[in-house]
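Please look through the sequence and the structure together. The paragraphs that follow lead from the chain as a whole to its parts, and then to single residues.

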2 protein chains.
Amino acid sequence: MKMFSKTTKLLVASVVLAGLSTASLAADKVYKWKLATTWGPTLHPFIDAPTKMAEMVEKMSNGRLLIRVDAANKHKAPFGVLDMVQGGQYEMGHSASYYWKGKDINLLPFTTMPFGMTAPEQYAWFYYGGGMELMEKAYAPHKMLSFPGGNTGAQMGGWFRKEIKTLDDLKGLKMRIPGFAGEIMAKLGLTVTNIAPGELYTSLERGTIDALEWVGPGMDINMGFHKIAPYYYTGWHEPATELQFLVNKRAYDKLPKDLQAILVTAMKLSSYDMYIQNYDMSATAWEKMKKDYPNIKVETFPKPVMDAMKKANQELRKEMVVGHPLLKEVLDSQEAYQKKVREWTKMSDYLYLKDNL
Amino acid sequence: MKMFSKTTKLLVASVVLAGLSTASLAADKVYKWKLATTWGPTLHPFIDAPTKMAEMVEKMSNGRLLIRVDAANKHKAPFGVLDMVQGGQYEMGHSASYYWKGKDINLLPFTTMPFGMTAPEQYAWFYYGGGMELMEKAYAPHKMLSFPGGNTGAQMGGWFRKEIKTLDDLKGLKMRIPGFAGEIMAKLGLTVTNIAPGELYTSLERGTIDALEWVGPGMDINMGFHKIAPYYYTGWHEPATELQFLVNKRAYDKLPKDLQAILVTAMKLSSYDMYIQNYDMSATAWEKMKKDYPNIKVETFPKPVMDAMKKANQELRKEMVVGHPLLKEVLDSQEAYQKKVREWTKMSDYLYLKDNL
């Protein structure tokens, strides 16, 4: 039975569409975003932070905001993430703020600083001590928003083939240690080099380098350094390395308010969660390393070495802030907050742990 | 020009409605929930965790899931939260699992245990070490879901009017210290009492009690204990007190999948965030206390006292698990995880802090 003409059917269809558009089509619009990471597709837990974030966003938005995560092997520009997000080729990025030091020195201190805060201290600074406001200020000229993107916890000071007993033992050593920490080590007389990750093991084995810094047991175990460099020095240079999400501001501003809230919540949660994930990975990997290679020795640098590092750190910080008022503002804010919060860390976790190791 | 009959118009309308109902009417249904807390309306940061959670949920769901947070002064049953959520008068609760020890001993260990894990260690156990699965198992007979609800970090061991130099100094002291920690202190010869929060200051001032345990500087400062009891002992009994969200399972199962994801994400984030909020509150309050009352002395209990506490703790744990296989399973899981994870805490944060206090 043919009840309607073709015209009627078309009209019915258009009225249906009109009804949907006021009530729900706007709400049902699907946003398809892309996120570029600095990491390879198997670099856990770094790659997990944006991946889990995107999964949470998809579920919470009922598929209205879909974020495709591209690992570095896809876009081929691990250190082009900042530019690609700024230019809009990618709506989002996941990387580390200190990589952009060469482009804008103000972006350096939002990852970690030598002799700086631990992970809970630094999160407290970001969220309750003015850190987020300073990060917003630093990223505003780049037309980007930046959010904490996952913490490694304290990184280890590195694998050494020989024991470091005095400051002289460091002089002339060849070490792979990038960034600001590398500048400190250079001041102490080391020859600091950068070597591609894939060549690190062979370089250490053949003596092209004498030492190297990577992350911590959870990420070091697959690199195999513990098989050839038995001295594992505790950390000083990256006490709480926080990765960062970058969001193109124009893209963000186009999202409805509920999707903005979903995105911000998912980023914040995946950041905290990567800290906890890496805590577990480090504990588990260290248990295995120690069992398989009982000769690994965990050492702290002797006091004169540590003092020399601290002195070099202070000198470099002073030089660095000249002509950079925002950088100075951020470093001063971190320093003041650390002084306050460290007192609490000492009387809470530190003194508790001291009697319970 | 009349193009359609009345029948056609009605049909158009019903097709529009049909279109809306499949595509969006179900999605637009508003769920109105209530959450009962154990806390008063100004007990920060405890009350902030469910409040922020509800705000996040409202924003992310675009108003489709509204959770009204009732403080204890509203429902008048601070320790009735478990029953009210189980009975369905409230869809959700926010409290601490160890309060339900008398109803179900298996629920005790999901808050904190004496000489147990620190906050990041315990989060790692919950999310990566099997803790969430065990908590689900323990709450299943109560037809509830339970989720971490905010951590205080390490709590302080309490305010004492006199210094504790030997085990004998503790004997006969009257102390307010509730729960399992109170049982340990009783084994050491203290007279353990419980006193309503509003009467604690006067009791301490008049000598009705000699010591009391509360939380840490952030929450202690408004109680004023530091004005009359200058010895502030570091903690051992609650190294990472995690509050809990409770969710009635029937109510949860009725939510659409996207609202379930929104709820779970918001709870998890507000839990981590309360840990960081209290970290900041403690640091800030301690700075002020120390400035206003420079005579406050931070002390750790002497080793013989600490050893006696540890011994009493072990004895009580052994007695407690008899006839309670699930409790034993949880305690064994925590103990094994702590042994593994503490090694990592030691070589990362602990050894870093040791040289940077």
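Among the contacts in chain A between residues at least 6 apart in sequence, 77% join residues at least 24 apart, where contact means heavy atoms within 4.5 Å. Everything described here belongs to a predicted model, in which local features need pLDDT of at least 70 and side-chain atom pairs count only at pLDDT 80 or more, while totals for chains, interfaces and linings use all residues. Residues are numbered from 1 along each chain as its sequence is written, chains are lettered from A and ligands numbered from 1 in the order in which they are written, and side-chain values use heavy atoms, with hydrogens and water left out.

Chain A has 14 helices and eleven strands; helices (H or I, at least four residues) and strands (E, at least two) are DSSP runs, numbered from the N terminus. Taken along the principal axes, the box filled by the C-alpha atoms of chain A is roughly 95 × 45 × 40 Å. Of the 357 residues in chain A, 59% are buried, a word that here means under 20% relative accessible area, with exposed meaning over 50% and partly exposed in between (1.4 Å probe, protein chains only).

Chain A is divided into domain 1 (31-151 + 240-280) and domain 2 (158-239 + 296-343), with bounds that come from an automatic or database domain assignment. The contact between them takes 29 residues from domain 1 of chain A and 27 residues from domain 2 of chain A. Taken over C-alpha atoms, the centres of the two domains are separated by 25 Å. Between domain 1 and domain 2 of chain A, about 2700 Å² is buried, with carbon and sulfur atoms giving 65% of this area; buried area is the accessible area (1.4 Å probe) that two parts lose on being put together, summed over both.

How is helix α8 of chain A covered? In this helix (residues 179-187), A:Phe180, A:Ala181, A:Gly182, A:Ile184 and A:Met185 are buried, and what covers the buried residues includes β6 (174-176), β7 (191-193) and α13 (303-321) of chain A. An α-helix has 3.6 residues a turn, so residues three or four places apart point the same way. Just after α8 of chain A, A:Gly189 takes a positive phi of about 95°.

The contact between the chains takes 76 residues from chain B and 76 residues from chain A. Together the two chains bury about 7100 Å² between them, 71% of it on carbon and sulfur atoms. Of the area that chain B buries against chain A, 12% is supplied by B:Tyr279, B:Trp344 and B:Tyr352, more than by any other three residues.

A:Thr118 counts as buried because its relative accessibility is 2%. Not counting residues up to four places away in sequence, A:Thr118 touches A:Pro239, A:Ala240 and A:Arg342, and also B:Asp349, B:Tyr352 and B:Leu353 of chain B. In the loop between β3 and α5 of chain A there is also A:Phe115, which has a positive phi of about 60° although it is not a glycine. With a relative accessibility of 10%, A:Phe115 counts as buried.

In chain B, the loop between β3 (92-95) and α5 (119-128) holds B:Phe110, which counts as buried at 0% relative accessibility. Leaving aside neighbours within four places in sequence, the contacts of B:Phe110 include B:Trp125, B:Phe126, B:Leu134, B:Met135 and B:Val330.

Some backbone details remain. Most residues other than glycine have a negative phi, and most peptide bonds are trans. A cis peptide bond with omega about 0° joins A:His44 and A:Pro45, and A:Pro45 lies in the loop between β1 (31-37) and α2 (48-60) of chain A. In chain B, the peptide bond from B:His44 to B:Pro45 is cis, with omega near 0°. B:Lys143, in the loop between α6 (131-139) and β4 (144-151) of chain B, has a positive phi near 55° and is exposed, with a relative accessible area of 58%.
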